[in-house]
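Reader: I'm new to this one and would like to be walked through it. Could you put it up first?
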Amino acid sequence: MPDYMRRWFPQAGLLSPAGLEFHSIAGASFRPANDDPLSPTSSATAPAGQRIHTAIIIGGGPAGTALLIAASKQKKLCELARAGLVMVEREAAIGGGRLGQYAITSDTTAATFLSAVKDNPYPELAALIDHPTARQIAHHDDTMGVPLAQVGPFLRECGQRLHRIVEDHGGDVLTGHEAIDARQRSDGLWCVRLRRVADGSERTLLSRSVVIATGGHQPLERLTHERFAGDQLMARAGNRLMQSDEVIELGGVERVRERLRDCRSPRIAVLGGSTSAMSAANLLLRATPALPLADNGITLLHRRPLRPFYPSVEAAHADGFTDFTHSDICPVSGFVYRLGGLRLESRELLLRMMGINGRQPDSRLHLYKMNNAHDPGALDILDQADLIITAFGYRPHALPLFCPLGSAIELAAQGPGRPAMVNRQCQVLDSTGQSIHNLFGIGLAAGFVPSGALGGEPSFSGQANGLWLWQNDVGMIIVDSLMRLSTSHLESNPLSHQHAIEAS
Ligand SMILES: Cc1cc2nc3c(=O)[nH]c(=O)nc-3n(C[C@H](O)[C@H](O)[C@H](O)COP(=O)(O)OP(=O)(O)OC[C@H]3O[C@@H](n4cnc5c(N)ncnc54)[C@H](O)[C@@H]3O)c2cc1C
């Protein structure tokens, strides 16, 4: 029995591969997997007519498609598709996800977004640099980021071309399908149950590996347990709460305006020190028509010091910013606060508020650094606020997962606190901290922390949620694992090898 299975089969006698394949698990009835209408191929371990894919990527948003971009940059996309790749996306198209649905500007530059296609080895991707959606982004090259609403169309256009390349080379992109759950069989293969959105029909796919790229959210339940400044946040704030995602998405400012319509001089408390917190404050300060904010109308309460990004130590010093040490500098890039620093608009707002290099603070905003677990000053600000915006980050959506015996696999990320979903090889971790065999995760709230050759400041302890990393180094960690899986399988299974040669 492989080692990764032992924890689920402490007694070897329990292992009963044949009897476990298609039975009811946690109330869900699996239909025989050979109803897969995708091209049937031979395999040593699948029922006749059932194809075994190399990888199923669940979620075709910016992170799922970032894997395809990463592979394309290394000229491996066709190979990956041929190896047996399936991407499953609930929406009608891949590429966009939620990123284009925000009303804020990006915290990455126009050039960074365009680097996905610029000089890409695939001509149809490289040509996108002249597409109107790319040109629109390029207009913002010298500015403080790109409106995310303009990034969406570009990502969808990339998605469309990636879709075509994958399908032209033997892979499948199943749009309009959602993955319901995944179960690992006793032989290590994954059974992924899918539902077609249009008619609710179900089918099951078999794969050697699964990549979870289902994005993240701000679960409301989390707030019920949240303590803030020494008190229960929900009890104290009641119906004055709003989560930052609701504020910064398109239409969010109008919702805030509506909630504050009876306040002549509203007070808003923003809780958190992340980009989302600063972006929410920024958006409200810039609202047109302006919100009737008096001095200190918005207070942003943060636990950790707020830090600005700098491209080098020299640039920081030239600006008169010296609040960093050696451990805040990325050893690979030389950037100061490369991962933990605020960027572009949020950074500029912070620098203004810090009065760096003669900048003038915005009197309507007050930055309040909380002192300790019990902070009466912070509670006072909460009590006086007409609206309390929580920006406590995102948690992964993930997917119900089951082990061969049918019990649910609990993920580390479902535990208390904010544990990461993945380790440094992008492998998903179970609640004991062990990696789950051939299950990978990428994207918003996956919790990946770069290290080693990937760089990042040693002092950084949060999550790295950025497209560039996913489209390059982080994406390649997963792509390389998937490619290894496909070739190691070919070495041990001459039947499938034959098929791969025929298909290529
Ligand atoms: C406010 C905000 C601003 C950001 N700004 C930037 C920025 O400027 N630059 C940057 O690089 N990054 C930014 N990010 C980080 C990141 O790029 C975005 O969050 C991005 O949308 C994450 O992509 P994703 O694919 O992980 O998630 P999503 O965008 O949520 O996409 C997930 C996809 O999976 C699909 N899906 C989910 N569940 C299933 C299922 N069961 N079956 C099938 N399909 C499913 C969804 O339909 C969706 O298409 C930002 C994040 C936030 C929250």
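Reader: Which residues of H13 are buried?
Author: In this predicted model, the buried residues of H13, a helix spanning residues 275–285, are Thr275, Ser276, Ala277, Met278, Ser279, Ala280, Ala281, Asn282, Leu283 and Leu284. Buried means that 20 or more other C-beta atoms, placed from the backbone, lie within 10 Å of a residue's own, and helices are DSSP runs (H or I, at least four residues) numbered from the N terminus.
Reader: How is H13 placed relative to the rest of the structure?
Author: Because 10 of its 11 residues are buried, H13 is largely enclosed by the rest of the structure.
Reader: And how are residues numbered, and what pLDDT do local features need?
Author: Residues are numbered from 1 along each chain as its sequence is written. Local features need pLDDT of at least 70 and side-chain atom pairs count only at pLDDT 80 or more, while totals for chains, interfaces and linings use all residues.
Reader: What is Val270 in contact with?
Author: Leaving aside neighbours within four places in sequence, Val270 is in contact (C-beta atoms, placed from the backbone, within 7 Å) with Ala277, Ala280, Ala281, Ile298, Leu300, Ile389 and Ala391.
Reader: Switching topic, at what angle do H3 and H8 pack?
Author: Helix H3 (residues 62–73) and H8 pack at about 55°, with their axes, lines fitted to C-alpha atoms over the stretch in contact, 10 Å apart.
Reader: Which residues meet there?
Author: From H3, Pro62, Thr65 and Leu68 meet Leu155, Cys158, Gly159, Leu162 and Val166 of H8.

Definitions and conventions:
Two residues are in contact if their C-beta atoms, placed from the backbone, lie within 7 Å. Axes are lines fitted to C-alpha atoms, for helices over the stretch in contact, and angles run from 0 to 180 degrees between N-to-C directions. Helices (H or I, at least four residues) and strands (E, at least two) are DSSP runs, numbered from the N terminus. A residue is buried if 20 or more other C-beta atoms lie within 10 Å of its own, exposed if 12 or fewer, and partly exposed in between; C-beta atoms are placed from the backbone.
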